[in-house]
Amino acid sequence: MQDPALFEYVLRLSDDSLILGQRLGEWCGHGPILEEDIALTNISLDLIGQAISLYDFAAELEGAGRNHDQLAYLRFENEYKNVLLVEQPNGDFAMTILRQFFFDAFRLPLYEALMQSPVEQLAAIAAKSVKETRYHLKHTSEWVIRMGDGTDESHQRAQAAIDHLWRYTNELFYEDAHDRTLQAAGLVPKMAAIQTKWTDTVTAVLNEATLAIPTNNWKFEGGREGRHSEHMGYILSDLQYMQRAYPNMEW
Amino acid sequence: MTQAEQERRFLEKIEKEIKIEPNDWMPDEYRQTLIRQISQHAHSEIVGMLPEGNWITRAPNLRRKAVLLAKVQDEAGHGLYLYSAAETLGADREQLIDDMHTGKAKYSSIFNYPAVTWADIGTIGWLVDGAAIMNQVALCRTSYGPYARAMVKICKEESFHQRQGYESLIKLCNGTPQQKAMAQDAMNRFWWPALMMFGPSDAESTHSDQSIKWKIKRFTNDELRQSFVDATVSQAEILGLTIPDPNLKWNEARGHYDFSEINWDEFWQVVKGNGPCNKERIAARLKAKEDGLWVREAANAFAKKRAMKKSA
């Protein structure tokens with residue numbers, strides 16, 4: 001492999017998109033209103049679409065002859081590098097929207113920065129995905145505000161989701177030697193810059209929603225290194241079912 | 001204008017193929033028939049999301065996952081247009097949905113059959129969407145304007161779904177023996193329920209006559225069913241799948257395929273709520289409605305607060 005750091009970087013982006021898209025797909029047919037069923041499915045579809053482009057690029061970087069499906073479907077759990085946040089269960093609608101909001105608020109500035117990357121393919125994927133992500137963030141921000149400033153029940157549910165998910169947000173800005181290599185070469189942005197923008201967005205939206213930013217400082221991580229929560233195995237059981245039960249077949 | 005005069009004008013429009021529009025006078029029974037039929041169609045789209053939606057997380061590759069997500073999303077969109085078309089007749093969407101939950105309003109019985117293998121997803125696309133298209137193409141010329149226009153858009157998407165379903169079965173039928181067997185098994189289970197989608201036979205159909213006169217329906221249930229069988233036999237042959245009917249054969253004199261009598265007992269049992277998944281489907285829809293109540297309340301409360309702030 002010519003560039004293991006870049007491969008790892010793109011794989012993380014791919015896995016985040018895939019696992020979150022997979023989670024959102026569970027909502028299909030069960031949304032709280034028909035319009036929202038369509039919106040959640042649409043976000044899921046966008047994420048799966050992004051995952052396809054990203055895995056294609058990762059496969060090319062790897063140069064081992066694997067394709068996007070082999071990367072997406074045929075790795076072991078500790079080889080998936082998504083953050084813990086995206087594998088957390090859907091919970092109620094508040095939990096799903098807050099998980100998505102925290103992710104979108106991270107993804108948008110990240111894609112905006114990656115559009116400037118000298119890695120052309122990465123910049124191109126970012127440019128295409130940034131439009132979708134902007135819409136996702138708008139949609140989830142609006143729901144966070146509606147829930148926070150809606151009824152007592154919706155406020156409580158939104159706050160409970162924030163308090164629960166907060167521990168997973170720090171991992172979004174994880175960096176290791178791979179990141180630092182790419183950053184030193186000027187290929188990808190520093191996570192500190194993304195985190196500043198994330199904090200601005202989250203603070204503004206939660207303030208408008210009359211929701212509190214948690215004071216707890218728990219920082220869960222492990223996903224970026226392939227150490228996942230108990231939920232991940234179940235996600236992969238569904239995701240990989242067909243590929244594992246019927247190996248080497250085309251669908 | 002007397003009622004007799006209004007009715008004469010209404011029938012004249014029907015005769016001249018002029019669409020009836022929401023603000024036009026129409027007989028109450030025409031209105032009620034349309035609300036019943038359109039809402040039943042909308043409910044079918046929404047309940048139809050469930051058996052296919054079950055396979056989104058298990059789709060065998062990323063492309064199939066994306067295609068299935070897009071398809072199920074289209075169905076939700078069809079449900080929306082159709083509820084909107086019913087609302088132009090004075091119906092209320094939430095009331096219509098409640099009528100389905102209580103069993104007062106029906107949805108297509110096909111969705112009370114389980115989707116148990118991946119081949120079911122392709123088969124649903126091919127046979128179920130195929131049968132739906134037979135009905136729906138005829139409805140593009142239905143006499144009520146908003147319904148006809150909704151159907152034009154829906155038909156385009158449905159025929160796309162049917163092609164995708166068929167294409168996914170081509171993959172299975174040209175694949176391994178396991179894949180081919182999976183496709184045949186799905187065919188065996190879905191063939192008869194697909195034929196049942198056209199409703200009771202003409203002799204038993206309570207709503208048909210008047211609907212044909214009003215040009216809500218353009219063809220009878222049996223005519224559409226026959227067209228579907230005629231169109232599908234050669235498609236099954238190309239796939240190399242056997243249609244599970246020993247009496248299926250070409251009748252030169254009629255210019256159509258003959259086929260066995262449908263098991264009407266099963267048909268009526270499923271309509272009455274005793275199909276394999278009737279309870280699960282309604283339970284899933286009810287749960288979505290109940291779980292979503294606080295979300296809808298929050299959206300309403302927020303909209304009111306914002307409206308008050310604006311006017312303040």
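How many aromatic pairs does the structure hold over all chains? The structure holds 24 aromatic pairs, a pair being two rings of Phe, Tyr or Trp (its six-membered ring) with centres within 6.5 Å; planes under 30 degrees apart count as stacked, over 60 as edge-to-face and the rest as tilted.

## Basis of the model

This is a predicted model, in which local features need pLDDT of at least 70 and side-chain atom pairs count only at pLDDT 80 or more, while totals for chains, interfaces and linings use all residues. Residues are numbered from 1 along each chain as its sequence is written, chains are lettered from A in the order in which they are written, and side-chain values use heavy atoms, without hydrogens and water.

## A pair within chain A

Trp27(A) and Phe93(A) form an edge-to-face pair, because their ring centres are 6.2 Å apart and their planes stand at 90 degrees. Both Trp27(A) and Phe93(A) are buried (under 20% relative accessible area; exposed is over 50% and partly exposed in between, with a 1.4 Å probe and protein chains only).

## A pair between chains

Tyr241(A) and Trp55(B) make a tilted pair, with 6.3 Å from centre to centre and 40 degrees between the planes. Tyr241(A) counts as partly exposed at 34% relative accessibility, whereas Trp55(B), at 1%, counts as buried.

## Charges over rings and a cluster

Arg58(B) lies over the face of Trp55(B), 3.8 Å from the ring centre. In chain A, the charged end of Arg244(A) sits over the ring of Phe76(A), 5.5 Å from its centre. Such a placement requires NZ of Lys or CZ of Arg within 6 Å of the ring centre and within 35 degrees of the ring normal.

One aromatic cluster is formed by Phe101(A), Phe102(A), Phe103(A), Phe106(A), Trp166(A), Phe173(A) and Trp198(A).
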